[in-house]
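Open the model in your viewer and keep the sequence panel beside it. This tour moves from one selection to the next and says what is there.

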Amino acid sequence: MIRRLFSTLITDYPPAGEFLPSAPHSSNNRSPSVGSDEASIPPAFRTTMLQSLSWLHAISPCFPVSGDRIEVIQEPGTFYNTLVGKCSAARRRIMLASLYLGTGSLETRLVDAIHENLRNNGQLKVDVLLDFTRGTRGVKNSKTTLMPLVEETDNFRLSLYHTPVLRGITKRLAPPRWNELLGIQHMKLYLVDDTVILSGANLSNDYFTNRQDRYVMIEDRRLADFYAAFLGKVQEFSLTVGRDGATRLHDTWTMLPYKCAQLEFATEARERIRTYFRGVMEQQRTICQREAADGADNHPADTWIFPLIEMGQLGIHHDSLATKQLLSGCLPGSRLRLATGYFNLTETYMNTLTNDCQARCNILMAHPNANGFLGAKGPAGGIPAAYSLLARKFLETLKSAGQSHRVELYEYERPGWTYHAKGLWYYLPDSSLPNVTLIGSSNFGERSVNRDLEAQICLVTNNTHLQRKLEAEYENLLQHATTAEMELINRPVPRWVRAVVGLFRNFF
């Protein structure tokens, strides 16, 4: 029965379109040549160990900032209070992109703070981008919670991204929760005036109280403007909620995602995102070349932000290509710490970690007791065991390749808490503090690469104070973790999970 339903849900993806302006050259010992783009590479990436990361400038916009304007938040309660405080005091804009908004008291307090600010400030514009299927699930949901704001003012806009894969008989028959398997809006970007918070946390009670995630807050006007315009592009091919509660197309868009040709929708959406990214990069490149010719450096910085996105169903594989290059480009003597709430690394990532990565690696994941699917009804209740099985198979692969001494697995377990943190910390050779981190919505799994909309940043820094914050962040996670090898080997996995995990791993 389950297999028949999944076979009905599966549809062909549009062909992956080229997104990177120029593909990074794979090399473990040297950075790729960037030719005419040399002027756009800061001196720190030419003369120090950061040279091995200079390829990032060829594949993503770069925002140089001061590391002192970046805060690393460690606790969900602090994240929540920061978000409410920022939204209460916002003067120009609020843009929130998440999978969904919860319906409890904490979520209501957040909505009330935004609502009150809108009433008192006629200049404030608020945009919320959520997933269509998750945001409309149930009688009381994200959409109904936000409708009072939609009905009251034109300064509030609610957009719902609808995957073009959910269509036809599948859209009519697939029940709630199941229809979310095909693809969702999974980005977590929270923008208030000139502040950007990147996270993996959704806007709901657990993520505000006892679900461990990551949160980095950056104060920078140029980065905020970039993400505001980027989210605006995603809103163009999302559905807009009107005052009557009905959804309609954006003013600049003509195709319903579930009625038009899937390839046509994906091609147009991909082109708009690609054109936007390339335009920003070209503008940055021109400014840098002009400043280099003038002998000026108007953006002295010790930290560099590279936005990365993944929209596999639209043919955009940006973040995954950059992540693979980071993994394969780790220098001898370096260290790598990887975290994911759900261990379902893609075959590409696992092969790269096993065969091409030269760093010593720690991988942190959720213990079944800290997995958000623990105790779920129906097939979803087997998901924690499925993740354990996948991790066990990866351990076996490492042992077969003679690499188990280089890669260690840890599991996070904290009484009363679930675990959802993901990202990467990279330590260059001879560095006791992280020089690079990835933070955002990606779980590094099959869904993240092939089904969902994802956003994260690659943060490169020489700022010692910020590096210490990033180190403390990981150590805070690790204090609730234990080595996983023996428990993974001995942990029982139901037969039915072993039978189906290979068929369905692309969906969770």
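Start with Ile70, whose bridge partner in strand 9 is Ile218. Bear in mind throughout that this is a predicted model.

**Stop 1**

Strands of a sheet pair through backbone hydrogen bonds, either parallel or antiparallel.

**Stop 1: helix 7 and helix 5**

Select helix 7 (residues 142–152).

Show the side chains at the contact:

- Helix 5 contributes Val111, Ile114, His115, Leu118 and Arg119.
- Helix 7 contributes Thr145, Leu146, Pro148, Leu149 and Glu152.

By type, the residues of this contact divide into 6 nonpolar, 2 polar and 2 charged.

**Stop 2: Ser88**

Select Ser88, in helix 4 (residues 76–89). Is Ser88 buried, exposed or partly exposed? At 40% relative accessibility, Ser88 counts as partly exposed. Leaving out residues up to four places away in sequence, Ser88 touches Ala113 and Asn117. Now pick the C-alpha atoms of Ser88 and Asp112. They are separated by 9.0 Å, with the two residues 24 apart along the chain.

**Stop 4**

Go to the loop between helix 8 (168–173) and strand 6 (189–192), where Arg177 lies. Check its backbone: Arg177 is not a glycine, yet has a positive phi of about 80 degrees. Most residues other than glycine have a negative phi. Arg177 is exposed, because its relative accessible area is 56% and the cut-off for exposed is over 50%.

Next select residues 181–207. An unreviewed UniProt entry places the feature "domain: PLD phosphodiesterase" there. Over this stretch the chain is 11% helix and 33% strand. Its end C-alpha atoms are 21 Å apart.

**Stop 3: strand 20**

Jump to strand 20 (residues 453–461). How many of its residues are buried? The count is 9 of the 9, so strand 20 is largely enclosed by the rest of the structure. Leu453, Ala455, Ile457, Leu459 and Thr461 point one way. Glu454, Gln456, Cys458 and Val460 point the other way.

- Strand 12 (residues 303–311) runs antiparallel to strand 20 and is joined to it by 9 bridges. Ile305 has Leu459 as its bridge partner.
- Strand 19 also runs antiparallel to strand 20, with 5 bridges between them. Here Val436 stands opposite Val460.

**Stop 4: Phe444**

Follow the chain from strand 19 (436–440) towards helix 15 (446–450); Phe444 lies in the loop between them. Phe444 is another residue other than glycine with a positive phi, near 65 degrees. Is Phe444 buried or exposed? At 1% relative accessibility, Phe444 counts as buried.

**Stop 5: helix 13**

Select helix 13 (residues 347–355). Its buried residues include Tyr349, Met350, Thr352, Leu353 and Thr354. Now show what covers them: helix 12 (319–328), strand 14 (335–339), strand 15 (360–366), helix 14 (383–400) and helix 15 are among the covering elements.

**Last stop: Asn476**

Finish in helix 16 (residues 464–478), at Asn476. Asn476 is buried, with a relative accessible area of 12%. What does Asn476 contact beyond its neighbours within four places in sequence? Select Gln74, Glu75 and Gln212 to see these contacts.

Definitions and conventions. Residues are numbered from 1 along each chain as its sequence is written. This is a predicted model: local features need pLDDT of at least 70, side-chain atom pairs count only at pLDDT 80 or more; totals for chains, interfaces and linings use all residues. Side-chain values use heavy atoms; hydrogens and water are left out. Helices (H or I, at least four residues) and strands (E, at least two) are DSSP runs, numbered from the N terminus. Buried means under 20% relative accessible area, exposed over 50%, partly exposed in between (1.4 Å probe, protein chains only). UniProt positions are given in the numbering used here, feature names are shortened, and annotations may be inferred rather than shown by experiment. Axes are lines fitted to C-alpha atoms, for helices over the stretch in contact, and angles run from 0 to 180 degrees between N-to-C directions. Contact means heavy atoms within 4.5 Å. Ala, Val, Leu, Ile, Met, Phe, Trp, Tyr, Cys and Pro count as nonpolar, Asp, Glu, Lys and Arg as charged, and the others, Gly among them, as polar. Two strands pair if DSSP finds at least two bridges between them.
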